[in-house]
Amino acid sequence: METVTTENSVGKTWGGGNEPMGASYGKLMMWFFIVSDALTFSGFLAAYGFSRFKFIETWPLADEVFTHVPFMHGNPQPMLYVAFMTFILIFSSVTMVLAVDAGHQMKKDKVAVYLFLTIIGGLIFVGSQAWEWKNFIKGEYGAVETKGGSLLQFVDKDGKRVALAEFAATLPEEREQLTRNKGRWFMDEATLPEYSVAEVQAGFKAHPDLFIRTETIYEDSPASEKDSKINHELTKHKHKTILTRSESELRLTQASLVVEGANLTRNEYGSKLFADFFFFITGFHGFHVFSGVVINCIIFFNVILGTYEKRRSYEMVEKVGLYWHFVDLVWVFVFTVFYLV
Amino acid sequence: MSHEHVSNTKRIWTVFGILSVITIVEVFFGITKPEFLHMNNFLSMNLLNWLFIILTLVKAYYIVYAFMHMEGEKSVLRYAVILPLIFLVIYLLFILLTEGNYVFEVFKNSTIKWNF
């Protein structure tokens, strides 16, 4: 709103009282907020890149981690669900830009409808992300951590992943979960895994056709082809290394922990930092989507109440539109960095 | 004013089409991982990853220029927003990725095993 006098500013672009950048104060500040927020996300993604380069040989492969699709349980489909999420977000960006467009033409009803669709899209996206988190936290196969801190996963004779539940033995051992009502009020412990290390070891011994898959990504080279510890029938170039049976048994004696699912300390997918970055970056982005939905709701009610009709300008829709597109923009990069590259 | 308040719904749907096609292509390559792209390197990164990064930048361009309507803003605003971002991000990535790679080599060549 031009509340400042423009009388004395002729010929002085930056003298005040006009808009040297051709955008109102509010819009300009939204742009500069976006610049700083974009730098924040760049910092996170660059930190992810740093850690990934640091552990480049053992980083989890995304298409083996994110394979869940609703109603297709037990049928791993890499990428599909996250592609769906991407579409939802792009589409809600389209409805948002249509709302801005309708605002330019002062069509109140159209703005309201498009904003409503945008809000629905945002809610579907946040819900999908919650579901993705749930699967990530719950895990699917389970793994074992060694004393040296590396992660061992299990595969069958075709190289397919095997869940702990499919082979772990049941030993007559009791290990009760310590909860606050069993000890003193301050005493409890993290949820116990379903199987103990001894049960996994015994089960592995009883199933001679199982192998251990390590975190290391196999690279074809004359030296690695001669490595007698590697099961060369199952191991493929640029896939995780699978060990021979005898080496698998040897490696499993070093097991110290059973890992199921993911938390901030360890996860069954591989590098410990992987889950931390996943939670932090997608969480921070999800928080942005959530705030975007809340802001969109406020603007939506203002549109319905006719606030902008009275103001004769729908610029507020444009400003939240900028924020909403920015959230979409960040997701485009998160999508590439976490799921594609 | 920067925008003339004309309806440009056609442009919006075109851009939506472009973004969708790019996403489909990305997902397609992400699932199939064609050998000739995945196994060949250019500047120590495989061609598949180059493809993903380039497509992502194209998508980012369309979101910023069409959806955020950057193409209709004055060039002073355009460059005040875009140039610092491009410069700082490239700088940060260069520093951190080089350093990450260096730390990797330190671990790899050290006499102490850190993960076994």
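**Helices, cores and a chain contact**

Biologist: Which residues of α3(A) and α11(A) meet?

Modeller: From α3(A) you have A:Val82, A:Thr86, A:Leu89, A:Ile90, A:Ser93, A:Met96, A:Val97, A:Ala99, A:Val100 and A:Gly103, and they meet A:Val317, A:Glu318, A:Gly321, A:Trp324, A:His325, A:Asp328, A:Trp331, A:Phe335 and A:Tyr339 of α11(A). Contact here is C-beta atoms, placed from the backbone, within 7 Å. Helices are DSSP runs (H or I, at least four residues; strands are E, at least two), numbered from the N terminus.

Biologist: And by class, how many are nonpolar, polar and charged?

Modeller: The contact of α3(A) with α11(A) has 12 nonpolar, 5 polar and 2 charged residues. Ala, Val, Leu, Ile, Met, Phe, Trp, Tyr, Cys and Pro count as nonpolar, Asp, Glu, Lys and Arg as charged, and the others, Gly among them, as polar.

Biologist: Before I go on, what am I looking at?

Modeller: It's a predicted model, where local features need pLDDT of at least 70, side-chain atom pairs count only at pLDDT 80 or more, and totals for chains, interfaces and linings use all residues. Residues are numbered from 1 along each chain as its sequence is written, while chains are lettered from A and ligands numbered from 1 in the order in which they are written.

Biologist: OK, back to that pair. At what angle do α3 and α11 of chain A cross?

Modeller: Roughly 160°, for α3 (residues 80-104) and α11 (residues 315-340) of chain A, with axes that come within 10 Å. So α3(A) is roughly antiparallel to α11(A). Axes are lines fitted to C-alpha atoms (for helices, over the stretch in contact), and angles run from 0 to 180 degrees between N-to-C directions. Under 35 degrees is roughly parallel, over 145 roughly antiparallel, 65 to 115 roughly perpendicular and the rest oblique.

Biologist: Is the crossing of α3(A) and α11(A) left-handed or right-handed?

Modeller: Left-handed. In that case the near helix is turned anticlockwise from the far one by less than a right angle; clockwise would be right-handed.

Biologist: How about α1(A) and α11(A), are they roughly parallel or antiparallel?

Modeller: The axes of α1(A) and α11(A) come within 10 Å and cross at roughly 15°, which means the two are roughly parallel. Their crossing is right-handed. Among the residues making the contact are A:Trp31, A:Phe41 and A:Tyr48 of α1(A) and A:Leu322, A:Phe326 and A:Phe333 of α11(A). By class it's 12 nonpolar, 1 polar and 5 charged.

Biologist: At what angle does α9 of chain A pack on α11(A)?

Modeller: About 160°, with the axes of α9 (residues 272-305) and α11(A) 10 Å apart. That makes α9(A) roughly antiparallel to α11(A), and this crossing is left-handed. Residues that meet there include A:Ile281, A:His285 and A:Ile295 in α9(A), plus A:Val320, A:Val327 and A:Val334 in α11(A). This contact has 15 nonpolar, 6 polar and no charged residues.

Biologist: New topic. Which residues touch the most other members of the largest nonpolar core?

Modeller: A:Val82, A:Ala99, A:Val111 and A:Leu115, out of 71 residues. The largest share, 16 residues, comes from α11(A). A nonpolar core is a set of buried Ala, Val, Leu, Ile, Met, Phe, Trp, Tyr and Cys residues joined through C-beta atoms within 7 Å. Buried means 20 or more other C-beta atoms, placed from the backbone, within 10 Å of a residue's own; 12 or fewer is exposed, and in between is partly exposed.

Biologist: What is A:Val111 in contact with?

Modeller: Skipping neighbours within four places in sequence, A:Val111 contacts A:Ala99, A:Ala102, A:Gly103, A:Val303, A:Tyr314 and A:Val317. There's also a second, separate core of 21 residues, including A:Val144 and A:Leu234.

Biologist: Now the two chains. How many residues does the contact take from each of chain A and chain B?

Modeller: 47 residues from chain A and 46 from chain B. On the chain B side, α1 (9-32), α3 (47-67) and α4 (75-109) each supply at least two residues. α4(B) gives the most, with 16 residues.

Biologist: And what does A:Ser51 touch?

Modeller: Not counting residues up to four places away in sequence, A:Ser51 touches A:Leu273, A:Phe277 and B:Gly100. A:Ser51 is found in α1 (residues 25-54) of chain A, and counts as partly exposed because it has 19 C-beta neighbours inside 10 Å.

Biologist: Last one: where does A:Arg312 lie?

Modeller: In the loop between α10 (307-311) and α11 of chain A. Phi of A:Arg312 is near 60°, a positive value in a residue other than glycine. A:Arg312 is exposed, with 7 other C-beta atoms within 10 Å.

Definitions and conventions: Contact = placed C-beta atoms within 7 Å.
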